[in-house]
Amino acid sequence: MLETGIKPDFITVDGAEGGTGAAPIDFSNYVGMPWEDALIFAVDTLNTYKLKKDIKVITATKIFTAFDLFKALCIGADVCNSARGMMLALGCVQSLKCNTNECPTGVATNNPTLVRGLVVAEKWKRVRNYHQHMLDDFLALLAASGCHSLDEMNRNLIYRKVHKQWHSYAEVVKTQRII
């Protein structure tokens, strides 16, 4: 990227924690690195080469709660994708049959018999409510942190326990080199 000047508009970082029943089991269980470390690595690498200003970082892992969203943005993500929470709100029961076209709730299938269980006219309200409550909770966390805008979020606002002591993510990355 530095040599050619050719850069992507964004990079998506996902973690090895999985979360999809559609992936082969060995991929879900063994491939990849932990999400936090992967996100920190990607953001820090882009910052090291002064590319972060031009390349947005999207993260897509177990962004399920308002704090998950808060943490991802503090670490350096620009955008968060959240499929898990939306799917659960829609009716997913995590039967892990996504890749078989036999999802019993109709969420991850195109089998006409099973899709009947997914009543979109009713279930969209659950997804909307989940999303709205997550955003409301996120805004409460943002206010509690003392930040007035997303630009003020940083790794000093979140903590991780390392060897029985709590350190901000900014300290952990500098001192422990978790990546």
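Predicted model: local features only at pLDDT ≥ 70, side-chain atom pairs only at ≥ 80, totals over all residues.
Let me start with Lys-7, which counts as partly exposed because its relative accessibility is 33%, where partly exposed is the range between buried, under 20% relative accessible area, and exposed, over 50%, with a 1.4 Å probe and protein chains only. Residues are numbered from 1 along each chain as its sequence is written, and side-chain values use heavy atoms, with hydrogens and water left out.

Now to the charged pairs. Side chains of opposite charge can pair when their charged atoms come close. A salt bridge here is a side-chain nitrogen of Lys or Arg within 4 Å of a carboxyl oxygen of Asp or Glu, and by that rule the count comes to eight. One of them joins Lys-7 to Asp-54, with the closest N and O atoms 2.8 Å apart. Lys-7 lies in the segment before β1 (10-13) and Asp-54 in the loop between α2 and β2 (56-60), so this pair ties together parts that are 47 residues apart in sequence; helices (H or I, at least four residues) and strands (E, at least two) are DSSP runs, numbered from the N terminus. Asp-54 is itself partly exposed, at 37% relative accessibility, and its side chain also meets that of Lys-53 in a salt bridge (3.4 Å, N to O). Lys-53, with a relative accessible area of 62%, is exposed.

What about a pair away from the surface? Arg-155 and Asp-44 are both buried, and their side chains meet in a salt bridge at 2.8 Å, N to O. This pair links distant parts of the chain, since Arg-155 sits in the loop between α6 (120-144) and β4 (159-162) and Asp-44 in helix α2, 111 residues apart.Turning to helix α3 (residues 66-75), nine of its 10 residues are buried, so the helix is largely enclosed by the rest of the structure. Among the buried residues of α3 are Asp-68, Phe-70 and Lys-71. Just after α3, Gly-76 takes a positive phi of about 140°.

Finally, Val-31 is placed in the loop between α1 (25-30) and α2 (35-48), and at 45% relative accessibility Val-31 counts as partly exposed.
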